[in-house]
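Here are my notes on this one, point by point. Have the viewer open as you read.

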Amino acid sequence: MADGVHSQKPQLEFQTNLGSFIVELYPDRAPKTVANFMQYVQSGFYTGTMFHRIIDRFMVQGGGFAVDFQEKSTYNPIENEANNGLKNEPGTLAMARSFDPNSARSQFFINLSDNKFLNFYKPDPAYFGYCVFGKVIRGMSIVEKMAKIPTKNMGKFENVPVENVVIEKVTTLDTPVEPEQPVRAVPTPPSSKPALKGKKRG
């Protein structure tokens, strides 16, 4: 039965020059987004692209530019499925876009924090949110390693890592794997709440 459940959720291995991580996608919650993403994966689109925007404790973004910052040609933009109940929590994958809610193409990001302000709130461009469609289930330490690389500004590009973080290959796993158990910090006592961080859009 477990295999049947997993077969409904594609698992992909991202091989990067820093190491590999595995993500699981949720076509039951974001069918159009996952179909679009898989179209890019199966065509080899992401090979040689980089994580070009990194903001520690916020997110890492990639999937649109080659290492020379040449923007790759994409398919048409897709409908925003942010109103699917999935939240921009640590380790989740979401589609990057411009202010237009329905402008996502190939670029995506991995959340490093609980980014509540990126969630869907209402069908208004300023509050539509960013569609979550998957999650890192193994190798999150590699993503965290990316987040620690110093960044710089390059012309119109901000928060560019000083060392290239390149996606060498994305492959679909034939045999599903179980998620690794994340190392959790000591729980905060119920009587105290962590301080709310300011919004960081970079």
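1. Which residues touch the most other members of the largest nonpolar core? They are Phe21, Phe37 and Phe108, in a core of 38 residues. Core here means buried Ala, Val, Leu, Ile, Met, Phe, Trp, Tyr and Cys joined through side-chain atoms within 4.5 Å, with buried being under 20% relative accessible area (1.4 Å probe, protein chains only). Another core, of 12 residues, lies apart from it and includes Tyr26 and Tyr130.

2. Before going on: this is a predicted model, where local features need pLDDT of at least 70, side-chain atom pairs count only at pLDDT 80 or more, and totals for chains, interfaces and linings use all residues. Residues are numbered from 1 along each chain as its sequence is written, and side-chain values use heavy atoms, leaving out hydrogens and water.

3. Take Phe21 next. Ignoring neighbours within four places in sequence, Phe21 is in contact (heavy atoms within 4.5 Å) with residues including Leu12, Phe51, Ile110, Val136 and Met146.

4. The sheet is open, with eight strands ordered S3-S4-S6-S5-S7-S2-S1-S10 and antiparallel pairing. Strands are DSSP E runs of at least two residues, helices H or I runs of at least four, numbered from the N terminus; pairing needs at least two DSSP bridges. S3 (49-55) and S10 (167-172) are the edge strands.

5. S1 (residues 11-16) and S10 run antiparallel, joined by five bridges. Leu12 stands opposite Thr172 in S10.

6. Helix H2 (residues 31-42) lies across S1, S2, S5, S6, S7 and S10, at about 45° to S1. Helix H3 (residues 140-147) packs on the sheet too, its direction making about 115° with that of S2. Axes are lines fitted to C-alpha atoms, for helices over the stretch in contact, with angles from 0 to 180 degrees between N-to-C directions.

Technical notes: Buried < 20%, exposed > 50% of the residue type's maximum accessible area, 1.4 Å probe, protein only.
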